[in-house]
Amino acid sequence: MPPNTELPPNTFSSPPSSETTSDDEQQHQQDDITVALPTKQLIVVGLGMVACSFIEKILDYDQGHRYQIRVFSEEPEVAYNRVGLTQYFSHCDVEQQLMQPRSWYTDNNVQVELGDPVEEIDPENKRVRTRLSGWVDYDTLVLATGSSAALPPGVTLGQYNGVFVYRTLQDLEDIMAWSKKEHVKQAAIVGGGLLGLEAAKAAKDLGLEVSIYERSDRLMARQLDNEASGVLEAEIEKLGLKSYIGDCPMALAGDEQQNLTSFTLANGGSHTSQMAIYAIGIRPRDQLSETPGLERAARGGFVVNGRLETTLPDVFAIGECASHNEMVYGLVAPGYDMAEVVARNLTTRLNQPRKAGFRGADMSTKLKLLGVHVASFGDCFPDESKTQPLTYRDPFSGVYKKYIFTKDGKKLLGGMMVGDTNDYAKLMALVRSGKRLQSPPSELILGVQGGDTVQSADALPDDTQICSCNNVTKGHIRKIIKDKKCENVNQVKCFSKAGTGCGGCLPQVQEIFEGEMKALGQTISNSLCAHFKYSRHELFTIGQVKELKTFDDFIQHAGAAGTTGTNGCEVCKPAIASILAGLWNEHILNPALRPLQDTNDRYLANIQRGGLYSIVPRIAAGEVTPQKLGVIASVAQEYNLYTKITGAQRIDIMGARKEDLPDIWEKLVDAGFESGHAYGKSLRAVKSCVGTTWCRYGQQDSVGFAIQLENRYKGIRSPHKLKGGVSGCIRECAEAQGKDFGCIATDKGYNVYVCGNGGSKPKHAELLVADVSEELAIKYLDRFLMYYIMTADKLTRTARWLEKMEGGINYLRKVVLEDHLGIADQLEEQMAKLIGAYQCEWTTVVRDPKRRKHFDAFVNSEERDTVIEMIDERGQQRPADWPKELPPMKKLPKPQDALNDGEVAVNDKNTWLHVGDADLFPVDEGKVVRVGNVQIAVFHTRNKWYATQNMCPHKRALVLASGLLGNGASNTPYVSCPMHKKNFDLATGDCLVPGEEEKYKLETFDVKVENDQVYLSIPSIETLNDTLGSGRTIIQRGMSKPTIVSMQDAPSCGTVGNGCGDKTLEW
């Protein structure tokens, strides 16, 4: 039901009314009236997601500035994303979790009092008493106190160490801290609903052995029936999680230190566990219902009517603390509907006799739990005597669909899905419209036989819910795109909130954006960037036909107007580098190619926290001798490095300093190892089972074939990383169907699969050809991979490439198997050229003294700086944790000759310091000089020299000299930090990320070159060390984390987009 449904006059209290009949007309009348009205005090109690949404809507609708908003919240932090709470484990960055940056409240004149809850309401005098501020008057009071986690009788938080709920950021911090205790190995999740499964994923990601206990007869009992729940249970058990259905812990037990050790089950059994996380439901935070006249519902929550008015005048309740028709809604989308109703009635409908009303909410939901897509929509538990279900189940793929129709099959009423939720938006639209179906019900599950059943989001009706987390419809997204003149999807996310929850709707948001741009007459360009007006595919063809060998060649023959002599940017440089590798496969650290390499490729290693690097030797198909294992162990011990087995049957050696990489690799190369290319957009590994080598079920020699394939395609660059697999039988132990290419042995040869991948958007590979010999499999894979390298867009995995290909797998079969385009010979020849040009990149480096110099820490010193503090954990060393917030860095005092009027110098004038010969600083690159205890990055662009601090202020990593150089608006030179892609102006040091201009800034230094010698203008060494000295500024254990007391003291945030420079990081 839309939130703006008309209701009859309310039964509790009614604001003034007028004859205005539309929101727009009422808004104009309000603008005229409220100019003369005094400002009304609008008090909001609580600051969660719903409260934040309400404030946003009031600010949007209250064009006459009638209300002064003041918020009182018990939590120490402003509103953050609870829907995506589990995401916090991956970044541990509060700012990325915030619904709005802290500065947004101040910028919009919203007064926020954190840690200051409302403890009493005096309705007679219209005031509230808060813990810290005392009595505060209100004209309108909105209760948005939310809910707390429910606990079973007899269980309290504090009864034993290791007992938690899953509700707040502090809960997550406590869970993470406890999981690091040496004795903590197991976690019991009590509750098998949405939140319980989220908690299970979090515990699993923390490395714990996880068991789920659900008291009812199935998981997700409110969304799924027994059969659907069974499919979900089977899928999550494949991940190593155990489920105990119909049973739950009843009594906890602990040791003498009061640490949880075990619990007794309802069935009388006993299980051991050192952690218990309860996620069994919520309880409305309705303590304020003790106020005389404020009615509390029987099952908790403030009683509200259709306008969300409580039984007190001018007091409203929204979100999980409100009980509407004896129903408390535990999802955020209904809360947003409530916020819309109250905001409208206080602003655009303030003087209308008929108000916006809330009549309940659709509890449909779509999400991804433990890697499994799950959805329910409409009425999924109807009266079976009046409906007809249609069910589909694929136990091999873990897919279950049950759609509910009217008895005659003419209308869709609801349904549930496990494993495949691609049609969710389309089905929701059908349910909400109530329209008769134009096709047989079976087509909704099986599709139109022989046709293409994919329906893009652009074809859906406007009332279709696109974002279920934030209840955003397609029509609202289209309106935002028009009204806000959005130029990219990040802006659409920012203004509409679509995609800011779980993120699952972003592909549809992208489709709507592109469709709207076309409808507005805007051209959707597939050009690489501002420097090239061609796509990657087109540039590959141009480079192949014209035999282009350098970036400058591409600028000359394919660059946009006015780009001659440009530095390019962090988008086009790596893309052109990938194209050149796909054409000629030259060593990527050749002088002309090195400035194009991004982050990892530049030093042939993956950059990690603190600017340390990881090393991954190639171990083809996972087969390695004990002697080689001994070499890896010896190297790791010598350099005190962290080691871990990867999911690709390799060994990751982490924590190496950049200057040590050549020495480490020399030892590995001498032992017979080659580069594993873990740093490149290239073949990573070909995984295998043991096949006929050892397995009694093996059909073919999967190890031998996997080694052959890995050695064939190693070192070949592609638009994105490539992974392969070879399984020795249909049991598929190598997971070949989850790879970019995979071969599964049969008694006749191999079935070849392509275009699968795991990761954040897993996809099963498609069968390309069945029962072929190894020779034919290689021929077809040569063609397939070369066609992908030639035609895919930048940073596009094979799965997404195939999804966008017109004709899909059938067309790809025609190209690869039938030579539909007549280019099969050329594809094979180009692949043979790349294979023939192979060289182990690290072998070439360690045998060449000049190339080894590239890895030196400094051009003017052989000293070694500590780049991040290391801590011991589980017998190895790892970098110290990044703090949630870093204390501000000191700023260099201005030199005498740089003072503005009225400023007083703190230090003497800068002096010129000689730092080295000009030829030590290659063009279009950065190098580091050491001055005292300070690292300074010196950049030699094509036209000028620049110098800045080497430390990126975002995460205090000493890495800026390794960043790509580019030209921005007005040809502004900038460096792109290799850690999180934040761009900084080389001349001013300003951060170029929208919204973060005031948050981060670099210190800059003048550079001059005389007689081919380079000089820096610097203050005294003492001043430099005191401000930028590495020992003072790097990440260390126990760094201070400022506590936010009130919004007046809160630092400005300005984070927009994904908090990492609004650029998607493709790992």
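Guide: Ser211 sits in strand β12, which spans residues 209–214. This is a predicted model, so read each detail below as belonging to a prediction. Ser211 is buried, because its relative accessible area is 10% and the cut-off for buried is under 20%. Which residues touch Ser211, apart from its neighbours within four places in sequence? They are Ala187, Ala188, Ile189, Lys242 and Tyr244.

Now the setting. The protein has 1067 residues, and 54% of them count as buried. Its secondary structure comes to 29 helices and 52 strands. Take the contacts with a separation of 6 or more: 64% of them join residues 24 or more positions apart.

Compare Val690. This residue lies in the loop between β34 (683–688) and α20 (691–694). Is Val690 buried or partly exposed? Val690 is partly exposed, at a relative accessible area of 39%. Beyond its neighbours within four places, Val690 contacts Cys695, Ser702 and Val703. Ser702 is 12 residues away along the chain, yet the two C-alpha atoms are separated by 6.4 Å.

Ser702 also falls in the range of helix α21 (702–713), which brings us to helix α25. The buried residues of α25 pack against α21, and also against α15 (536–546), α17 (572–583) and α22 (774–791). Helix α25 covers residues 824–836, 13 residues in total. From first C-alpha to last it reaches 18 Å, close to the 18 Å expected at 1.5 Å a residue. Its buried residues are Ala824, Leu827, Gln830, Met831 and Leu834. They lie on the same side of α25, because they cover an arc of only 130 degrees around the axis. The face turned away from that buried side carries the exposed residues Asp825, Glu829 and Gly836.

Next, the strands further along. Strand β43 runs over residues 934–940, and seven of its seven residues are buried, so the rest of the structure largely encloses it. Both directions are covered: Val934, Ile936, Val938 and His940 point one way, Gln935, Ala937 and Phe939 the other, and all are buried.

What pairs with β43? Strand β42 (residues 925–931) does, in the antiparallel sense, over seven bridges. Within that pairing, Lys927 stands opposite Val938. The hairpin of β42 and β43 has two residues between the strands, and Gly932 there takes a positive phi near 65 degrees.

Strand β44 (residues 945–949) is a further partner. It runs antiparallel to β43, and five bridges join the two.

Helix α28 (residues 1021–1028) has Thr1023, Leu1024, Asn1025, Thr1027 and Leu1028 as its buried residues. What covers them includes β42, β43 and β44, along with β50 (1004–1005), β52 (1013–1018) and α29 (1030–1033). The enclosed strand β43 is thus among the elements covering the buried residues of α28.

Key: Residues numbered from 1 in each chain as written. Predicted model: local features only at pLDDT ≥ 70, side-chain atom pairs only at ≥ 80, totals over all residues. Heavy atoms only, no water. Buried < 20%, exposed > 50% of the residue type's maximum accessible area, 1.4 Å probe, protein only. Helix = DSSP H or I, 4+ residues; strand = E, 2+ residues; numbered from the N terminus. Pairing = 2+ DSSP bridges. Contact = heavy atoms within 4.5 Å. Expected span 1.5 Å × (residues − 1). Arc of directions from axis to C-beta.
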